[in-house]
Amino acid sequence: MSEEADVNVKAGKKKRSFGTTFKDFKGGWSLFLTMLISLLIMAGVCVAVFFVAVQGEEQVRVPNVEGKSLVAAQLELQDKQLFPELVLTYSELPGDEGIVLSQNPAAGSIVKAFRHVTLTVSRGVPKETLEDYLGQQVDEVQKNLQLLFAGSKLVTLAPPVYQKSEKPEGTILAQFPVRGTSLDDKTRIFFIVSSGDKSVEVKVPEITGYSVQQIFAQMSSAKVIFDFTSRTAAADEKSGIVVSQGMANETVPEFSRVPAEFAFPVDTEEAVTAYGIFSHTLPDYPYPVPVKLETTDQDGNTTTLVEFSHPGKELSIPYAVKKGSSLTLYALDSVVTTQTVQ
């Protein structure tokens, strides 16, 4: 090959090499632009998210709810997308139960929506004795008492007992304890309430097979009076349970009497637990009254076995307690009688 031809071949190789490099450069530049645009888009999204996070929820002005009722205050806060957090306290001004005494944050403050506003609400004047609620509507009285003693275990309310009466439905006919009772100790309040001219009817629960402890729960909740009797369980019979009853699942007037029989185990000298039926005749009360049976063992430990309402006359309560314990019956928070179990 001549020298001139060799030079031409080398020049062609150089041209082809330059052309390939230029094309590769054009492809790299496109990739670079694509990556740059992607990064700019991502940066824009991050900036937008940042400003949204910094801005947060909508800001609102806290309304002035001091001096208003709790219900009105809650509605105003709800309208501003705010939530109340309650602090209950006693005050010295009679008649201000349920009134907002103070708030935090203060009225006019600018806060984020959906935050809590602390409301200090009056429980009313501290009461050391029970008031007279006769003739008042039970729903209103219960609401006021629940507000007054919210968070306190000093006073509890038993479910109302309804009685047919000429008084308007919901009127309190009787209360236990009575007006003036000291609230220094734990107090359970019972109300006898008018059902109007309607007779209240209840369904008799099925209690066959129930133990003594299970019967206590039924006595507290069922508005019927169980008349208990007992016998010694047969050799092939489970003991300590109700073996028969009357009127199961029937609908009867409230506080109707329902017969039920227990089968108790044979008493032996080795037995630690004594089974039996506690019986007593109460006065014939005009309304069902609160009664309870307590047991105190030989170590002085006292336990309430059952608490329920009873209209009076014949009363019977099953028991299963340690031998040597005493059983004390209360009616209207007063001791009626005490018996020792041998």
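## Contacts around Thr337

Contact here means that heavy atoms lie within 4.5 Å of each other. Once neighbours within four places in sequence are set aside, Thr337 is in contact with Phe278, His280, Leu327, Thr328 and Leu329. Thr337 itself sits in strand S18, which covers residues 334-340; helices (H or I, at least four residues) and strands (E, at least two) are DSSP runs, numbered from the N terminus. With a relative accessible area of 19%, Thr337 is buried, where buried means under 20% relative accessible area, exposed means over 50%, and partly exposed covers what is in between (1.4 Å probe, protein chains only).

## Basis of the model

The model is predicted, so local features need pLDDT of at least 70 and side-chain atom pairs count only at pLDDT 80 or more, while totals for chains, interfaces and linings use all residues. Residues are numbered from 1 along each chain as its sequence is written, and side-chain values use heavy atoms, with hydrogens and water left out.

## Salt bridges

Side chains of opposite charge can pair when their charged atoms come close. A salt bridge is counted when a side-chain nitrogen of Lys or Arg is within 4 Å of a carboxyl oxygen of Asp or Glu, and by this rule the count comes to 8 salt bridges.

One of them joins Glu76 to Lys68, with the closest N and O atoms 2.2 Å apart. Glu76 is partly exposed at 26% relative accessibility, and Lys68 is likewise partly exposed, at 29%.

## A pair within helix H3

Another salt bridge links Glu140 and Lys143, whose closest N and O atoms are 3.5 Å apart. Both residues belong to helix H3 (residues 138-148), where they are 3 residues apart, about one turn of the helix. Glu140 counts as partly exposed at 40% relative accessibility, and Lys143 also counts as partly exposed, at 47%.

## A bridge between two strands

Arg231 forms a salt bridge with Glu261, and the closest N and O atoms of this pair are 3.6 Å apart. Because Arg231 lies in strand S11 (residues 225-232) and Glu261 in strand S14 (residues 257-264), the pair ties together parts that are 30 residues apart in sequence. Arg231 has a relative accessible area of 34% and is partly exposed, while Glu261, at 22% relative accessibility, is also partly exposed.
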